[in-house]
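Thanks for sending this one over.

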Amino acid sequence: MSLIPDAAPIVLLNAFPLDRQQWEPLITVLGDRVRGDLITFDMPGIGEMPLTDEDPGLDLIADAAVLAMREATGADAAVWIGCSMGGYVALAVAQRWPDAVAGLGLICTKATADGDEARAKREQVALAAEGANGHPDPHAAAESMVGMEGAGRDELVEWVAANVALQRGDGIAWGQRAMAARPDRTEVLRAVDAPVVAVIGGADGIVDRADADAMAAAAGVEPVVLDGVGHLAALEAPAATADALEPLLRA
Ligand code: MLT
């Protein structure tokens, strides 16, 4: 039940390959700035979500997310906030369910598709994950995602590595193949008729800055750049991320 009936629900969509525990620091900081329902859920084969028999694809996640949001809240539209893979899913929602979008928060993500090299690398990771029955190297994955330096970095890297290590190898493989298959959604973003916030980690080692800037330009917004913050902005800098998202909290 919404605290305020006309407030759009907020759906938080995960960065990969972390489960929805990644949102806990942001949710704590948001506190009562969230006026309506707030929903998190895991991607197929990640966290508490069983793996599906369906072919890998982000459209399947987008469709399931919209139906789950509508069933849980009774609302038609929500604010979709996604980090990285979560942003790719948010854009799939925008394409397939435009009337379900009351706002978009795109954190450390991009609208473009993978090139051939990136797709080939994803397939290598997928095969390794299946063979290892878990992420091939959780610690290396965590190191590459966390951009912040100094106090708190080591603890956060350990937390991320431990969370990545919890995830099933076949879930990681499915997610990599789903991301590899996604199309360019720059034009979809350009057509979004709802508030958009773009957050860029100034020290993001995963998403190229040019891609992130192009995404913000397609949305017609000035990106919020968080200096010294890496790929996991909501974990590395929850207060600054919450402040950046403020325009969406009023949607
Ligand atoms: C993520 O954080 O969701 C992934 O790094 C995204 C990607 O691999 O493109």
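1. A definition to begin with: a crossing is left-handed if the near helix is turned anticlockwise from the far one by less than a right angle, and right-handed if clockwise. On the ground rules, this is a predicted model, in which local features need pLDDT of at least 70, side-chain atom pairs count only at pLDDT 80 or more, and totals for chains, interfaces and linings use all residues. Residues are numbered from 1 along each chain as its sequence is written. Helices (H or I, at least four residues) and strands (E, at least two) are DSSP runs, numbered from the N terminus.

2. Let me start with a helix pair. The axes of α5 (residues 138–145) and α6 (residues 153–166) come within 8 Å and cross at roughly 130°; axes are lines fitted to C-alpha atoms, for helices over the stretch in contact, and angles run from 0 to 180 degrees between N-to-C directions. That angle makes α5 oblique to α6 (under 35 degrees counts as roughly parallel, over 145 as roughly antiparallel, 65 to 115 as roughly perpendicular and the rest as oblique). The crossing of α5 and α6 is right-handed. On the α5 side the contact is made by Pro138, His139, Ala141, Ala142, Glu143 and Met145, and on the α6 side by Val157, Val160, Ala161, Val164 and Ala165; residues are in contact if their C-beta atoms, placed from the backbone, lie within 7 Å.

3. Now the sheet. It is open, has 6 strands in the order β2-β1-β3-β4-β5-β6, and its pairing is parallel; two strands pair if DSSP finds at least two bridges between them. At the edges are β2 (38–40) and β6 (224–226), each pairing on one side only. From one strand to the next, the twist averages 15°.

4. Helix α3 (residues 85–96) packs on it, touching β1, β3 and β4, and its direction makes about 145° with that of β3. Helix α9 (residues 209–219) also packs on the sheet, where it touches β4 and β5 (196–201), with a direction about 165° from that of β5.

5. How much of β3 is buried? In β3 (residues 78–83), 6 of the 6 residues are buried, so the strand is largely enclosed by the rest of the structure. Here buried means that 20 or more other C-beta atoms lie within 10 Å of the residue's own, exposed means 12 or fewer, and partly exposed is in between, with C-beta atoms placed from the backbone. Ala78, Trp80 and Gly82 point one way from β3, while Val79, Ile81 and Cys83 point the other way.

6. Strand β1 (residues 10–13) pairs with β3 in the parallel sense over 4 bridges, and Leu12 has Ile81 as its bridge partner in β3. With β4 (residues 101–107), β3 pairs in the parallel sense over 6 bridges, and there Val79 stands opposite Gly103.

7. Phe16 and Pro17 are joined by a cis peptide bond, with omega about 0°; Pro17 lies in the loop between β1 and α1 (24–30). Ser84, in the loop between β3 and α3, has a positive phi of about 55° although it is not a glycine, and counts as buried with 26 C-beta neighbours inside 10 Å. Cys108, likewise not a glycine, has a positive phi of about 45°; it sits in the loop between β4 and α4 (116–132) and is buried, with 29 other C-beta atoms within 10 Å.

Note on methods
Contact = placed C-beta atoms within 7 Å.
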